[in-house]
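Take a look at the model shown here before reading on. The paragraphs after it go through its parts one at a time.

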Amino acid sequence: MADPVSIIFHRRYVYMLPTGPGFLFGFSTLAMLLVATNYNNGLAHGFCFLLAGVVIVSMLYTQRNLQGLTVSAVPAAPVFAGQRARFPLIISTFDRVPRLSLWLEKDAHPVAFSVQPGESVRRDVSVSTTRRGRVPIPAVRVASAYPLGLFFAWSRRIELARDCVVFPEPSAPLPFPDFQADRPVGSGVVRSDGDDFQGFREYRVGDSYRHIHWKSLPRTNTLQVKTFAASHDTECWFDLIHTPGPGLERQLSQLCRWIIDAEVQQLHYGLRLGPVVLAPGTGHSHKLRCLTLLALYPLTD
Amino acid sequence: MRDMIRSLIQSYRALRPFAPVAPYPRQGDVLLLLVATVLVVQLHPLVPPWWVRLIAISLCLWRVGIERVGWPMPSRFLRWALTGAVFVIVLSQFHGLHGRDAGTVFLMLLIGLKGLEMRHYRDVMVVVFLVWWVTLTGFLFSQSPMTAACGLLSSGLALTALIRMNQSSPTPRRRVTHDAVGMLSLALPIMLGLYLLFPRIQGGLWGVPNDPLIGRMGLTEEVSPGSILHLLENDEVVFRAQFDGPTPPVEERYWRALVLESTDGRTWRRGVLKDQSTPLAVMQESKPIRYTTTFEPSNKRWLPVLDWPVTVPPGTRSGYGHVLASTTNLLSSLRLELTSDRVFSTARLEEIEKRANLQLAIPPTPRVKALVAQWRSLASNPAEVVRRALGHFQSESFYYSLSPASLGDRPVDQFMFDTREGYCEHYASAFTTLMRVAGIPARMVVGYMGGEVNDVLGYVVVRQSDAHAWTEVWLPASGWIRVDPTAAIAPERIRYGIDLLRSIDALGWSIGDVPRDAMLGLLQRGHWDHGLRWVKHRFDAANYGWNKWVMDFGPEQQFVFLRTVGLDQFGRPLLLLLLVIVVGLLLLVGQSLLSMGRLTSDPLQRAYQYFLRRMGRLGLTKHSFEGPLDFAERAIQERPDCERSIRAVTQRYVAARYGLSQPVSVASEIRRLTRSL
């Protein structure tokens, strides 16, 4: 069975040890008991036992501070290799006890946080990435020393079924390959301002101002853009075989750079990675699909 | 060894996943801790040299100035100089840091220094521990309920500061109080278990200091006219006695402390016989009276016990005249289980004892001789002489007075024929002398008489003002018997106690001559007196309970407690095991109490449960191994007509549970969709 994406801390998931001050407290209480015994002092005995009782009970509070916490992972945004992958964790509690002074391992901002009843807190776990592929969410632990700082409790490692897609690191800009040199099906530069008028669509960031249909603006109150159907010979294809190397990773990095540039220039681009062919298209989701293909292309050793 | 410790520390660090950054103490926490520090120093029962409190509190106030006014932090050099100065002062004044007084003063100064310089989390921890330590040293000086309350206040404040500092973000004060009170109330049963069951060890591991605080008034080893009278206004408790059976009536509650047989005519003291002990022969039809006495600290050794003691408990020895004494001075209170018996026969009189008890320092005057000769001529045996002498005190006009005239160099003669007024020691002294003149061995006994029965717990509390003196005479038929001439002159003293005598005296009446109606009026006290008595008795009962369960609860008392609950057969290891079990059970109870507050209030979960119940009514139940999506697929196959609702609910639930949408709004949406099923 696959790992869950959400986990609730059961009592058995929580471990505890005394902190440094906790050990100091233990020695100090023993010494107090010795003094009380030496002076045959009932009140001093009672005081020692009261302190010991409070600290023993504080263990229950420390455990309760973690027990019942819910940690779930939401999908992480993909990153390029070399960037830090950030996994958002949602930490929430559904009972009436606020959880104070919690610490998350590998926290992007390592500060203590608290979770109020019925509230969700988002903490990002970040790991550095070096190569493309899938980076699993790191196993992290939640810890707390509340209320007295004499005991330190932490949870079992949480391994959730979430990973982050790491795209290849884009290489330095290079001019697009010569599409004319290789045209098994036919590829070319999109001539966006020369071909057949196709219709209107809504303005998107990056559209050329020259394509905005200003006349319709007062009527529709939205910016409309004229689109032109690109003919087959104006599609551009990025092919792994025709990408300069050396080495697969360099090639993939180069492809990555071209896809980013092509998307910026609103080209109509397709991708061919050996047997895997992605038909030409444009737009953000097309770019992500292409980059994910690059990221998950089998590694060569 | 060092390597071993280092590897231990390393493996301990490896166990812990990571060390969180210690919280930086906030200003509010520091100020709260400073309040606790000033309180613990100021409310400490030790009366140290005047500069100790001054230095400790000024150091703390300096820190308050740093926090509130913005004074600069003292430089490191200044801090070191201050620390060095404190060391030098304490070392020169107390010749070391050892011992209770020096140690306490040192801790007080240290807490001031540490309070001034605390910066980091660790420093604050140390100050909290020091507050607890200074509180503990306070209990070594006084174990009164007041000291306990003051200690609880300051150490509780320190605990609160510690909790506050360990909170990541400032939390509502209600939350802090809630947690502190909750922890204390769960800790109390654990403390009680530890207190009662943790095996106590007899103290004195490295010596207990001589306590100069105890230099109390009380009975002295020498009795002369007026030496008991000055205790009249002294309401200090001498001891409290709890009887196993019914409490004996007041006329029989004579508590003997000292037997004085040597006299110089005025002053009575213990003579050569004082270290000889004479056992009592208990008769067959004995009626033993068992009782437990708690003696207050007195720095003396003798122990007032009920007439006549027949046991010698461990830690005590018996002296001449059937009196008990502790083997050490009573520096702290002492609890003893004692037995007395009224049916007895003393041993026969040895020659040396007889001589000592017939000794006269001043030859009797002719008037006294004539009086005694008259009694002897009329009586056929010594017992008859004693009766006649008592009759003489009753028939002639003798008065019991709390302000008698002073006596000259022939005290017995003057008292019998001229002044004729006196307090119990005058009568006992005169009667003993007269008996000796008559040839009957007689001796003076001092101790206490009566005592007040507590309305609440039924024990007898005896105060210094109950001090009394009486006579014992030796008769061939019965041995030593008690004769109290005061009872013949002022029966009120015996029957109603010293309080009534005081009020009679305050009204200016002469004791022994009070009209019956006036006496009844005095005995029927007003509502105010009743109320006062009610409060006084409850207060005293609380004090008695406190002494019994706190101040005197040492190894012996623990054994008594364990015997009453039937655990006295347990050895120490077994007792410790029992303790661990008890504490473990209490922790389990605490844990279940704490988790009672964690009933689910997840609105999303409840909404999805509602959806599942509705599906169940349609004949579709989710298996425990099924996820929400799998269940939705199966449900759609069974009920294609509900496809839209099922999909919508499942999609929203999964998105809210595992995504970023707000659970609360989604929950109501799921409920709405479910209703439309």
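This is a predicted model: local features need pLDDT of at least 70, side-chain atom pairs count only at pLDDT 80 or more; totals for chains, interfaces and linings use all residues.

Residues are numbered from 1 along each chain as its sequence is written, and chains are lettered from A and ligands numbered from 1 in the order in which they are written.

Begin with chain A. Its domain bounds, which come from an automatic or database domain assignment, are 1–165 for domain 1, 168–191 + 230–301 for domain 2 and 198–228 for domain 3. Between the C-alpha centres of domain 1 of chain A and domain 2 of chain A there are 46 Å. Six residues from domain 1 of chain A and nine residues from domain 2 of chain A take part in their contact; two residues are in contact if their C-beta atoms, placed from the backbone, lie within 7 Å.

Chain B has 677 residues, and 34% of them count as buried, that is, with 20 or more other C-beta atoms within 10 Å of their own, C-beta atoms being placed from the backbone. Chain B contains 24 helices and 19 strands. These are DSSP runs numbered from the N terminus, with H or I over at least four residues for helices and E over at least two for strands. The domain assignment of chain B lists domain 1 (20–170), domain 2 (229–353), domain 3 (358–443 + 469–508) and domain 4 (603–675). The C-alpha centres of domain 2 of chain B and domain 4 of chain B are 87 Å apart.

Now look at one helix pair. In chain B, the axes of helix α2 (residues 27–42) and helix α6 (residues 121–141) come within 10 Å and cross at roughly 25°. Axes are lines fitted to C-alpha atoms, for helices over the stretch in contact, and angles run from 0 to 180 degrees between N-to-C directions. Because angles under 35 degrees count as roughly parallel, α2(B) is roughly parallel to α6(B). Among the residues that make this contact are Leu33(B) and Ala36(B) of α2(B), and Val124(B) and Val127(B) of α6(B).

Finally, which chains meet, and with how many residues? The contact takes 57 residues from chain A and 64 residues from chain B. On the side of chain A that touches chain B, α2(A) gives the most, with 18 residues.

Methods
Angles under 35 degrees count as roughly parallel, over 145 as roughly antiparallel, 65 to 115 as roughly perpendicular and the rest as oblique. A residue is buried if 20 or more other C-beta atoms lie within 10 Å of its own, exposed if 12 or fewer, and partly exposed in between; C-beta atoms are placed from the backbone.
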